[in-house]
Amino acid sequence: MTFPVALRKQPLPAGQPREWYEAHNRQLKAMRIAIALLDTGVYTARQARDRTIAATAAKIGVHPPSRTTCRLVRSLLPADQPR
């Protein structure tokens with residue numbers, strides 16, 4: 001499976017507190033992983049276990065995610081649909 005080419009990065013705005021940059025970068029990382037999970041067939045938050053998320057991160061070439069990032073990835077994926 002091939003993944004899309006990375007977009008050109010733009011500099012972040014200056015003058016924000018360090019926490020803002022950390023949260024922003026965590027959100028970008030979680031979004032990249034969530035998109036890759038959807039591309040590989042993981043469609044719900046229940047399917048996205050920490051190991052699955054970490055394996056997907058390794059496949060797309062990002063550093064291993066923390067537990068906080070894993071929770072953020074799951075929050076980006078849809079919940080199971082009631083039957």
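The legends below describe several views of one predicted protein model. Because this is a predicted model, local features need pLDDT of at least 70 and side-chain atom pairs count only at pLDDT 80 or more, while totals for chains, interfaces and linings use all residues. Residues are numbered from 1 along each chain as its sequence is written, and side-chain values use heavy atoms, with hydrogens and water left out.

View 1. The protein has 3 helices and 0 strands, where helices (H or I, at least four residues) and strands (E, at least two) are DSSP runs numbered from the N terminus. Its C-alpha atoms fill a box of roughly 50 × 30 × 20 Å, taken along the principal axes. Of the 83 residues, 23% count as buried, meaning under 20% relative accessible area, with exposed being over 50% and partly exposed in between (1.4 Å probe, protein chains only).

**View 2. The aromatic pair of W20 and Y21.** A search of the whole structure finds 1 aromatic pair, and in this pair W20 and Y21 lie edge-to-face, at 5.2 Å centre to centre and with 90 degrees between the planes. Rings of Phe, Tyr and Trp (its six-membered ring) pair if their centres lie within 6.5 Å, and planes under 30 degrees apart count as stacked, over 60 as edge-to-face and the rest as tilted. W20 counts as partly exposed because its relative accessibility is 33%.
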